[in-house]
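Here are a few friendly notes to read alongside the model. Keep the structure open and find each residue as you go.

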Amino acid sequence: MIVIYAECLVKAQMTDTFVGLAKQLIEESRKEQGNVSYELIHSREGKNIYAFLEKWQDQNILDAHLNSRHFKTIFPKIEKTLICPAKLNSYTIEV
């Protein structure tokens, strides 16, 4: 299983837009075969720090997600709300 942690620093004036787009992305991504979970988490330390926390069954399924129509449509809009590019970290579950 693959876990993705994608940290996003959102422009203060774009928070509502970011969250709205994130909801759309999450709703569509959860419908994908092989998606175990897809959530948006919000930092307790910073108002504009969010992260997508995703779990995928395997790399092929994750690759399909990254090439999906909804991802290619929504994520570029999300990127416009960010201070800097999202910081992506990929993990595998060990235990």
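Predicted model: local features only at pLDDT ≥ 70, side-chain atom pairs only at ≥ 80, totals over all residues.

1. M1 belongs to the segment that comes before β1 (2-9).

2. Now look at the surface around M1. Together with V36 and I93, M1 forms a nonpolar patch there. The accessible area of these residues together is about 250 Å².

3. Next, turn to the inside. In soluble globular proteins, nonpolar side chains tend to be buried together. Here, the largest nonpolar core has 21 residues, and the members that touch the most others are F18, L25, F52 and I78. Two or more residues of this core come from each of β1, α1 (15-29), β3 (49-56), α2 (59-66) and α3 (69-79). The largest share is that of α1, with five residues.

4. Setting aside neighbours within four places in sequence, I78 is in contact with F18, L21, A22, L25 and F52.

5. Which residues of α3 are buried? They are H70, F71, I74, F75 and I78. These residues lie on the same side of α3 because they cover an arc of only 100° around the axis. R69 and K72, by contrast, are exposed on the other side of α3.

6. Finally, what do the buried residues of α3 pack against? Their partners are α1, β3 and α2.

How values were computed:
Residues numbered from 1 in each chain as written. Heavy atoms only, no water. Patch = residues over 30% accessible without salt bridge, like charges linked within 9 Å, V, L, I, M, F, W, Y side chains within 5 Å. Areas by Shrake-Rupley, 256 points an atom, 1.4 Å probe, with all protein chains shown as cover. Salt bridge = Lys/Arg side-chain N within 4 Å of Asp/Glu carboxyl O. Helix = DSSP H or I, 4+ residues; strand = E, 2+ residues; numbered from the N terminus. Core = buried A, V, L, I, M, F, W, Y, C linked by side-chain atoms within 4.5 Å. Buried < 20%, exposed > 50% of the residue type's maximum accessible area, 1.4 Å probe, protein only. Contact = heavy atoms within 4.5 Å. Arc of directions from axis to C-beta.
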